[in-house]
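Here are some notes to read alongside the structure. Have it open and follow the points in order.

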Amino acid sequence: MICLICEVTETRTPAQRQQLPKKRQPGNPNQPPMPQPQMFQQYGQPIHPNPQLFHDTSAQDPYGIPPGYPGMNQPMSTPQHLLADPVMASMAMNYGQVLVGQGKEMMDKNLEKYISVSKLKYYFAVDTNYVTKKIALILFPYSQSDWSIKYNQDEPIAPRYEVNAPDLYIPVMAFVTYILLTGYIYGVQNRFSPEKLGIEASSALGWLILEVLAIVFTIYITRMESQVKMLDLIAFCGYKYVGMIFCLLGNLILKSLAYYAILLYSSGSFGFFLVRTLRLQLMAGNEGTNQSYEGGSKRRLYLLLFVALIQPIVMYWLTCHVVYPQ
């Protein structure tokens, strides 16, 4: 067997023997290093067994992964890429619609516990013709003779068809206009700030709530049977902002003399308007009750006078500090 191996090794030619790599001698530093074997991936890019020894670590990322590593050049998934997919966009849209529907249903259920949405819509069923007639009635109530509210099958007719019916559109719009006009006057007087608008809004809203609660409390402690509703009281008491707007406009154009003249007239007209409108609803509670008509009428009359006399005080209190800077 040893002879056969020797014969096989001896069959190489001298040229083939010269092509074989020679072993590196440990004492010869000038001899070039032997080539290292390379490994090939399925992408055809050669890498060394230990990439850290043959790659520039300065071009690596913080995790030590060399550049050109398979999969590192692929973009990561972002919300923009996900929304670009039709399937993902459709799923997101459907999910958003479900969330919006659930939120609206929960809001309607919680709101229905305290305020009926159908009743609230009744107070905003107005048109331009109604708004014009109602503002004229608030400012000039002396020419009106019929103050009754028409009913249709025990339900009051919508405000757009009945000028005597209360609404919440005019009080809300008048309240917003009053706040904006106050901010404009502050700007003309060079004392405007966003905080003052918040103070004016909270003060006007607080006085309105306090006034309504005082009327409700008076009705409750005097045991007066009436058909006045909470939203009706808010609407009637909110009409005062119409007169307050004209007071501020008069002061802005013609100064203090016009302010006092318009305040005197608008507060008196508004008090007369409240007496005539609330009188029918308060006096309607006498029917079918055991209390005497004279005693009930006196208490209702005192309440009407209280509501009418407090209006000039509230209107002056909410506008005087705007007209006359402190």
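1. A word on terms before we start: "buried" is under 20% relative accessible area, "exposed" is over 50%, and "partly exposed" lies in between (1.4 Å probe, protein chains only). With that cut-off, Phe 175 and Tyr 241 are both buried.

2. Keep in mind that this is a predicted model, where local features need pLDDT of at least 70 and side-chain atom pairs count only at pLDDT 80 or more, while totals for chains, interfaces and linings use all residues. Numbering starts from 1 along each chain as its sequence is written, and side-chain values use heavy atoms, with hydrogens and water left out.

3. Phe 175 and Tyr 241 also pair up. Rings of Phe, Tyr and Trp (its six-membered ring) pair if their centres lie within 6.5 Å; planes under 30 degrees apart are stacked, over 60 edge-to-face, the rest tilted. There are 11 aromatic pairs by this rule. The Phe 175 and Tyr 241 pair is edge-to-face, at 5.4 Å centre to centre with 75° between the planes. It bridges helix α8, which holds Phe 175, and helix α11, which holds Tyr 241, 66 residues apart. (Helices here are DSSP runs of H or I, at least four residues, and strands are runs of E, at least two, numbered from the N terminus.)

4. Ring pairs also join Trp 147, Phe 236, Tyr 239, Phe 270 and Phe 273 into a cluster.

5. What about the nonpolar core, meaning buried Ala, Val, Leu, Ile, Met, Phe, Trp, Tyr and Cys residues joined through side-chain atoms within 4.5 Å? The largest has 48 residues, and Tyr 178, Tyr 239, Tyr 241 and Phe 273 have the most contacts inside it. α11 (240-283) is among the elements giving two or more residues, and α11 gives the most, with 13.

6. Tyr 241 is worth a click. Leaving out residues up to four places away in sequence, Tyr 241 touches several others, including Pro 171, Tyr 178, Ala 204 and Leu 208; contact means heavy atoms within 4.5 Å.

7. Now look at α9, residues 194-221. This helix has 28 residues and reaches 41 Å from first C-alpha to last, close to the 40 Å expected, where the expected span is 1.5 Å times one less than the number of residues. Its buried residues include Ala 204, Leu 208, Val 212 and Ile 215. After α9 comes Arg 223, with a positive phi near 55°.

8. Lastly, the unreviewed UniProt entry annotates "transmembrane region" over spans including 199-221, 233-253 and 301-324; positions follow the numbering used here, feature names are shortened, and annotations may be inferred rather than shown by experiment. In the model, residues 301-324 are 96% helix and 0% strand.
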